[in-house]
Amino acid sequence: MWRDFVYVIVGGGVAAGYAALEFTKKGVSHGQLCIISDEAVAPYERPALSKGFLFPEAPARLPGFHTCVGANEEKLTPNWYTEHGIELILGTRVVSADTRLKTLLTATGDTITYKYLIIATGARALKLDEIGINGSNAENVCYLRDLADATKLVNMMRMCTGGTAIVIGGGYIGMECAASLVMNKIKVTMVFPGSYCMGRLFSPKIARYYEDFYKSKGVNFIKGTSLSSLVINLDGKVTGAKLQDGRYVHADMVVVGIGARPNTSLFEGQLTFENGGIQVNSQMQSSKTSVYAVGDIASFPVKLFGNTRRLEHVDAARKTAKHAVCAIMEPKTTSDFDYMPFFYSRVFSLSWQFYGDNVGEVVHFGDFSGTKFGAYWVNDNRLVGCFLEGGGNEDYVAIADAIRLKPVVLDLGELERKGVDFVLAV
Ligand code: FDA
């Protein structure tokens, strides 16, 4: 069957939901827009999957976290799409795309045509077999990217209450999952090759705080080594892991958080790529003028730092999506995208936010034995980044505003002494 639309979004995650809302604000007509997603549910706030969704008590469940609740906007339940004349083609994978003919072919054999295409296919979790380790599909090995993964993880945690888990990977998925496992009364061992957790963002001092906090909750860290193989019994269940340093760790379940890969294969050879993603200009437009790319797969110019980045962060997904829609619907009045990189996480009772860039000299501030502390990054005598744990809304707004201005800093000691007061005074 052929279906013709003016606007098509391929991928039905965070960016798709925020784009849909923006389309309605700009006055899209009924029947003009469709979203094709291989997930069976309408777009939702993906970060909820590693937070509220995993709580043992009163867990978050759909429709509670459909987009765009995460930005205090309307909640786009399936009904909302119907009411706005937006077609949701769910549980349907796009298997090929032709950007010259402006067509998409779905796994169900339908051909969908568009005038404008927004690519919002996000990323997928890297699997163990892709790094040469067997056992990816064992029933007690969990990943976390989509609702199906999260549901499997919840079921597995219920079955393993009182037991043990290995978390492979020390990034934010590993850290957030480890916290949830503990909350679900599972004893956790975290294994990762770096010398400290969240190595791409944290300084060693920040990492030490979180690791100590996790240790106080019973989490065991094995650092500086990685998984060598999984030990699998005759029922196909993993019973433990052998590590490259020769150690063996018993486990009733395994959670793998070893990174993500952008879902870009549909467009390879058709569009220009950069940083492993689809290169777009500051209107989110790819090398083909009718094709826009947003969210995790978009490599876009970050004016503030004068380079191009691909950011796998929810805030970037929301804002790139919104910007692409503005650029499509109001090309003459849409200014260049001017993004401030922002990332956050919440674990246990802790909550941090990061703004800007973590390059240059790091200056820590605040009380690392208390609940509020952070770090600034100063590059070429300019304040370029800030991390804050335990801040209030006013602090975070001040940080974002200050980093945007990149104020000159000649005395690093002043940053250390003043802490958040420094940005509050900028
Ligand atoms: P997203 O992954 O949301 O959506 C892509 C959609 O496209 C999916 O529905 C996918 O199935 C679909 N798709 C892909 N290929 C397709 C095809 N060929 N045909 C049809 N559909 C296809 N960020 C942050 O800043 N703070 C946080 O705390 C967290 N927490 C967090 C937790 C967890 C568990 C994850 C997995 C991720 C986060 N993130 C995060 C990252 C954040 O969620 C992520 O950056 C956004 O979801 C990206 O939005 P996109 O719309 O680009 O991709």
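Reader: Which residues is A241 in contact with, leaving aside its neighbours within four places in sequence?

Author: In this predicted model, the contacts of A241 beyond those neighbours are I166, L227, L230, V231, V249, A251 and V254. Two residues are in contact if their C-beta atoms lie within 7 Å. A241 itself lies in strand β15, which covers residues 238-243.

Reader: Why does A241 count as buried?

Author: A residue is buried if 20 or more other C-beta atoms lie within 10 Å of its own. A241 has 24 C-beta neighbours inside 10 Å, and therefore counts as buried.

Reader: How many Å separate the C-alpha atoms of A241 and S282?

Author: The separation is 46 Å, for two residues that are 41 residues apart along the chain.

Reader: What makes K75 partly exposed?

Author: The term covers residues between the two limits: 20 or more neighbours for buried, 12 or fewer for exposed. K75 has 16 C-beta neighbours inside 10 Å, so it counts as partly exposed. K75 lies in the loop between β3 and α2. Leaving aside neighbours within four places in sequence, K75 is in contact with H66 and V69.

Reader: Why is M284 called buried?

Author: M284 is called buried because 29 other C-beta atoms lie within 10 Å, where the definition asks for 20 or more. M284 also has a positive phi of about 70° although it is not a glycine. M284 is found in the loop between β20 and β21 (291-293).

Reader: What is the order of the strands in the open sheet of four strands, and which are the edge strands?

Author: The order is β19-β20-β22-β23, with mixed pairing. The edge strands are β19 (273-274) and β23 (307-309), each of which pairs on one side only.

Reader: How do you know that β22 pairs with β20 and with β23?

Author: Two strands pair if there are at least two bridges between them. Two bridges join β20 to β22, and these strands run parallel. Three bridges join β22 (residues 298-302) to β23, and these run antiparallel. Both numbers meet the cut-off, so both are pairs.

Reader: Which residues stand opposite one another in these strands?

Author: I278 stands opposite A298 in β22. In β23, T308 is the bridge partner of P301, and N307 is the bridge partner of V302.

Reader: How many residues lie between β22 and β23 in their hairpin?

Author: Four residues lie between the two strands. In the turn, G306 has a positive phi of about 65°.

Reader: What surrounds the ligand?

Author: The ligand is surrounded by 37 residues, of which the closest are G11, G13, A15, G122 and G295. Three elements each supply at least two residues of this shell: α1 (14-25), α6 (314-329) and β24 (342-347). By class, the shell has 17 nonpolar, 11 polar and nine charged residues.

Reader: How many helices and strands has the protein chain, and why is the chain called as compact as a globular protein of that length?

Author: The protein chain has nine helices and 28 strands. Its radius of gyration is 22 Å, close to the 22 Å that the globule rule gives for 426 residues, so the chain is as compact as a globular protein of that length. Along its principal axes the C-alpha trace spans about 65 × 55 × 40 Å.

Reader: What percentage of the residues count as buried?

Author: Of the 426 residues, 44% count as buried. Among contacts with a separation of 6 or more, 62% are between residues 24 or more positions apart.

Conventions
Residues numbered from 1 in each chain as written. Predicted model: local features only at pLDDT ≥ 70, side-chain atom pairs only at ≥ 80, totals over all residues. Near = placed C-beta within 6 Å. Nonpolar A, V, L, I, M, F, W, Y, C, P; charged D, E, K, R; others polar. Rg over C-alpha atoms; globule rule 2.2 N^0.38 Å.
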